[in-house]
Every structure is written in structure tokens, then in C-alpha cells.
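Here are my notes on this one, as promised. Have a look at the fold first, then go through the points below.

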Amino acid sequence: PCSSGYYSTAGTGQSAVDVCKACTIGRYSIGIGQISNSTCLACPEGWFSSTPAAGSKDVCISCGAGRWSSTVAANSIDVCELCRKGTYGEAVSAKSILECLECEKGRYSSVLGATSSDVCVMCEKGKWSDTHAASSDKACQSCPAGRFGEMQGQISIYSCQPCPVGQYNGEIGSTASSQCVDCPVVGNVRV
């Protein structure tokens, strides 16, 4: 019979090595006497192998963190897709793009294939974003005139505080109440 990593369609009783064919890359067999390539086991989703005639599951290599693959019997790391910008993948053998986690609101990432939430950068002070999985700082919008944002990573326009009563600010993206100024006085009335 053919050894592990090989199979033969020549039927039983064949012992010549030249009738044995290698399991294709992306597959392996751990038993002897396999009768077809389909009896060679496939590396599962999230894994790949570029080794022909593999006799052990140990040849299957994880796509690694920050990547995913829904392909069974993948034969190259090229089959492993990178997590998109605005997401990151902590799992080392992810089977779906859904396993790439999104940066939270108020954060963004322009990194492909990120492996940790550490790449999710907070919107700067004076800005906010209600977008999940934002891929650039363009998702961070400036606080409107008359408001200011003292903290990074704001998730709503309502996170931008209004200037105190009797004060105004004509600039967008203000970062502190000190940027609000007293309304002008005409006669005895503030306008």
C-alpha cells in the first residue's frame, strides 16, 4: 500500500511505488493505503499548506493574526486575506472576514492586516466620529462652531460641549472652553 501522504487509484493489491500519487498541496494523509486524492484530508479554513505528499496535519500552517481564509485545502498564504483597514484580527486561524473586529466609534485605523486594537487611533480633541470600522481620520468630524471637544475619541456630535451661556466661538474643531469668548455688549445687552 501507499505510505502516508500518498494515494493510489490502481485498486487493492498494488504495491509498486510508481502507482502511488502524492496528496496535492493543501492536503495530507496520516494513514497508509489511501485510494483517492479526496481521501487525503484538507487543511481547514484559516490554514494552508504548500507541501505536497504531506503525511501529517502539522504541515497545515495558520494564516496568522490579522488574516482570514474561508478556503478549504488552501495551498498558499496568498489565499489568506488581510483584515481591512478599520479592523483587526486577533485570531490566528480566522475563517471569515467577520472574525476581523471593528475599531470602535471615535477611532480609526489605516492599517491593513492589523492584529490588535492598539492600531485603532482615537479621533483628536475637537473631533468626533460615530463610524464603526473607520479607515482614516477623515471619519473624524470637527465639533461645530459654538461647541468644543476636550477629549479624544468622542463618539457623537453631542460629545462636543456648548460654549457657556453668554459666550460664543465661531471656529469649528475647538478643543477647550477657553476658546469661547464673551458675546459683545451693545448698550447694556449682550448680543
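**Notes on the model**

1. Let's begin with how far the contacts reach. Of the contacts in the protein between residues at least 6 apart in sequence, 54% join residues at least 24 apart; contact here means heavy atoms within 4.5 Å.

2. A word on ground rules. This is a predicted model, where local features need pLDDT of at least 70 and side-chain atom pairs count only at pLDDT 80 or more, while totals for chains, interfaces and linings use all residues. Numbering runs from 1 along each chain as its sequence is written, and side-chain values use heavy atoms, with hydrogens and water left out.

3. On secondary structure, you'll find zero helices and 20 strands in the protein. Both are DSSP runs numbered from the N terminus: helices are H or I with at least four residues, strands are E with at least two. The protein is more spread out than a compact globule, because its radius of gyration is 29 Å, well over the 16 Å that the globule rule gives for 191 residues. That radius is taken over C-alpha atoms, and the rule is 2.2 Å times the number of residues to the power 0.38. Along the principal axes, the C-alpha atoms fill a box of roughly 110 × 20 × 15 Å.

4. How much of the protein is buried? Of the 191 residues, 32% are, with buried meaning under 20% relative accessible area, exposed over 50% and partly exposed in between (1.4 Å probe, protein chains only). The accessible surface of the protein is about 10,700 Å², and carbon and sulfur atoms account for 52% of that; areas come from the Shrake-Rupley method with a 1.4 Å probe, and for residues only the protein chains shown count as cover.

5. Charges next. The protein has 14 positive and 16 negative charges, and their mean positions are 2 Å apart. Lys and Arg count as positive, Asp and Glu as negative, with His and the chain ends not counted; the charge sits at NZ of Lys, CZ of Arg, CG of Asp or CD of Glu.

6. Now for the disulfides: the structure holds nine, each a pair of cysteine sulfur atoms within 2.5 Å. Take Cys23 and Cys40, whose sulfur atoms are 2.0 Å apart. The torsion about their S-S bond is about -70 degrees, so this disulfide is left-handed. Cys23 sits in the loop between β2 (21-22) and β3 (27-28), and Cys40 in the loop between β3 and β4 (41-42), so the link spans distant parts of the chain, 17 residues apart. Cys23 counts as buried at 1% relative accessibility, and Cys40 is buried with a relative accessible area of 1%.

7. Another pair is Cys63 and Cys80, with sulfur atoms 2.0 Å apart and a left-handed link at -65 degrees about the S-S bond.

8. What about Cys183? Cys183 is in no disulfide, and the nearest cysteine sulfur, that of Cys163, is 8.5 Å away. Cys183 is buried, with a relative accessible area of 15%.
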